[in-house]
There are 2 protein chains.
Amino acid sequence: MQNFVFHNPTKILFGKGTIPAIGPETIAFGSKVLLVSGSGSLKRNGIYQQVSDSLLKAGAEIIEHPGVQSNPLLSHAREGIELARKQKCQVVCAVGGGSVIDEAKAICAGAVVNYDVWKFFTGKKSITAPLPLTTVLTLAASGSEMNSGMVITNDETRQKFGFANKKLYPKTSILDPEATFTVPADYTAYGAVDAIAHVLEFYFTTQDPATPVQDRFMEGLVINAMESCNRVLADLNDYQGRADLMWTATLALNGLTAAGLGKVGFPMHLIEHSLSALYDVHHGAGLSAIIPGWMRHQCQSTPQRFTQFAGRVFDCRSGSSEERARKGIDALEEWFRKIDSPISLAALNISREAIPQIAENAMALAKVWRMPDYDGERIQAILAGC
Amino acid sequence: MQNFVFHNPTKILFGKGTIPAIGPETIAFGSKVLLVSGSGSLKRNGIYQQVSDSLLKAGAEIIEHPGVQSNPLLSHAREGIELARKQKCQVVCAVGGGSVIDEAKAICAGAVVNYDVWKFFTGKKSITAPLPLTTVLTLAASGSEMNSGMVITNDETRQKFGFANKKLYPKTSILDPEATFTVPADYTAYGAVDAIAHVLEFYFTTQDPATPVQDRFMEGLVINAMESCNRVLADLNDYQGRADLMWTATLALNGLTAAGLGKVGFPMHLIEHSLSALYDVHHGAGLSAIIPGWMRHQCQSTPQRFTQFAGRVFDCRSGSSEERARKGIDALEEWFRKIDSPISLAALNISREAIPQIAENAMALAKVWRMPDYDGERIQAILAGC
């Protein structure tokens, strides 16, 4: 195990009927609240109303910033920053999925400085004292509700960049599984794939595979993501399935899986960010298309991790260690197929000709993320197998 | 899954060479530091000196409060409280195992009020604004370094009571596995048993067994505690084993295992507290003597949990579900035997005649902990099977 610092100060309120707590939790940081949200669907299912009622009841003055789209755009975040500055908001409340929370984090960071927020993403500036953030989660996927990361797409340069800073942990996040009942089957599946990808990135890229405590935690999360997703796809209103999937996705990227693993990479996200920056692809669907190909590529370098994964997650016990490793990847791919999640670029209607451009886009992020081992040739080779 | 609040704000610095960070981490809360420690062993192995040097270098004024014993005594905590009050200490730094940290928490809570600290343990007073606490851990066992609980023995009444409050989380805890290299084999084993007991208490007493996310996390922790303990017993200086055991013990009682389980009990600790309040018994050894007997008793009420445990932790796959449940308990007992940890009251030199007195002592705590289902008859029946 490598040395690490673990410090996750986010307070989680989990369960049925917890949304009305958002008012008191938020105004503890100030009464002037920027309320960040996505499309109209929240308004239709009543969640936005619940949040808004709770904030008003607690004495908040609400400044609305709706319209965040998935793969949130820098231009829209900049509008939110302007609004927060102009209205002198003291706290930001995000109601939505990872995209809404990520954009809200960018607003928290950008509203208190006199330069452009994109400088954080390109590593030119450091975050100092962002506005405090509270969240009400409506999608089990990104983990942003209990971590310090954010991903934004620069709509001018078509770069989708991610960035993390310990000052960006939400103060409080409310996770009511019932708030995800209206998420349709495809988005539910993509969310589960996203959570699984978060686990696998670290599991397979650790430089120190002597981490049995973290390994068992991660293997359990992958099994839980699959089992709970299966339950939900059988019945979209299955509370237990929704709850297990929600908590699994949160734990999959809250820092605990990575603690002690040393330097880990985020290669599947690196490549996927370019897919969804260049094409209209859902993040989880993009990951799903890349994961099996990336795993087969990575398995050549660290086969023993894949054998362990296959044994513990898919109970692959027979055959040589290479065969078992392969069977584990096949089993995960087969599960993606079963939940109707894409397993190739073709399934996303992305042609082979696009590969060089995707690779070039990804290389820009590889530079920012300091992943020199992911050069154009390697990225193209991985994409060729997807 | 039941509704829950999870909020663990403790910052963990984990790994080799992390002890010198204690100075800056501590004086962030004030320069006048009450340094709480145990016996002379820390002074002999140099850890106390490292802590003290780091505090002085950071500009702290150190007030020493040494001599905490295992199963820490109320009378000694009261002395620490007097000292902290008189010297106007601003922060407490604990260097030691769970006993030292627990007593330090009692001092933090008691130093700022004008009544006796025992009132917190008997539920007569609530904790408001305790002194901040930092810790340097030297024993993998209690989890106190990342939780809000404390256990103190009242040396007048011979009551060993535990109490938790969210304001008692340490601010920062430093976990250097090398600081545990000098822990002898028997104490290492008892520490592993203590960590396992923390997991099993919740795992087997949850009122809501539909918690697959938590279950897999807990099952992994039990396996990790056993595997890492085996490594350490084979070589007391095995860094990986020490690190895995230390992080496992911390995660075993930091709130994450219980989050979502609803009302859980602490019955094995309830009974053990009476054992070590009345006899000179190490906490982990006392638990070890009780666990197999309690499990056989509990298995009658929730056999399916025991079957799951046996399957996932000990790979028991053949036989009826009752047989598998039994095999799982036998396997854990066998492992206790292998690591030379007691598996009966007799092994602790406690006679059967003592059972009524132990049960009576435990009933007082059952009342405080609101566990009405643990009456004298039931506790005696459990002890009769130990």
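With which strand of chain A does strand S2 (residues 11–14) of chain A pair, in the parallel or the antiparallel sense, and over how many bridges?

A: The model is a predicted one, in which local features need pLDDT of at least 70 and side-chain atom pairs count only at pLDDT 80 or more, while totals for chains, interfaces and linings use all residues. Residues are numbered from 1 along each chain as its sequence is written, and chains are lettered from A and ligands numbered from 1 in the order in which they are written.

Strand S2 (residues 11–14) of chain A pairs with strand S9 (residues 172–175) of chain A in the parallel sense, over four bridges. Strands here are DSSP runs of E with at least two residues, helices are runs of H or I with at least four, and both are numbered from the N terminus; two strands pair if DSSP finds at least two bridges between them. Within this pairing, Ile12(A) stands opposite Ser173(A) in S9(A).

S2(A) also pairs with a strand of chain B, namely S1(B), in the antiparallel sense over three bridges, and there the bridge partner of Phe14(A) is Phe4(B) in S1(B). The open sheet to which S2(A) belongs has seven strands in the order S4(A)-S3(A)-S5(A)-S6(A)-S9(A)-S2(A)-S1(B), with mixed pairing. Its edge strands are S4 (61–65) of chain A and S1 of chain B, each of which pairs on one side only. Neighbouring strands of the sheet are turned by 15° against each other on average, direction ignored, where axes are lines fitted to C-alpha atoms, for helices over the stretch in contact, and angles run from 0 to 180 degrees between N-to-C directions. Elsewhere in this sheet, strand S3 (residues 32–37) of chain A runs parallel to strand S5 (residues 91–96) of chain A, the two being joined by five bridges, and Val33(A) has Val91(A) as its bridge partner in S5(A).

Chain B can be laid on chain A with an RMSD of 0.0 Å by a turn of 180° and a shift of 0.0 Å along the axis, the superposition being by least squares on the C-alpha atoms of residues with pLDDT of at least 70 in both copies. That is the relation of a two-fold axis. Of the residues of chain B, Pro9(B) comes closest to the rotation axis, with its C-alpha at 2.3 Å.

The contact between the chains takes 30 residues from chain B and 30 residues from chain A, two residues being in contact if their C-beta atoms, placed from the backbone, lie within 7 Å. On the side of chain B that touches chain A, the elements that give two or more residues are strand S1 (4–6), strand S2 (11–14), helix H8 (212–234) and helix H9 (239–251) of chain B. H8(B) supplies the largest share of that side, eight residues. By class, the residues of that side divide into 15 nonpolar, ten polar and five charged; Ala, Val, Leu, Ile, Met, Phe, Trp, Tyr, Cys and Pro count as nonpolar, Asp, Glu, Lys and Arg as charged, and the others, Gly among them, as polar. The same surface serves both copies, in that 100% of the contact residues of chain B recur in chain A.
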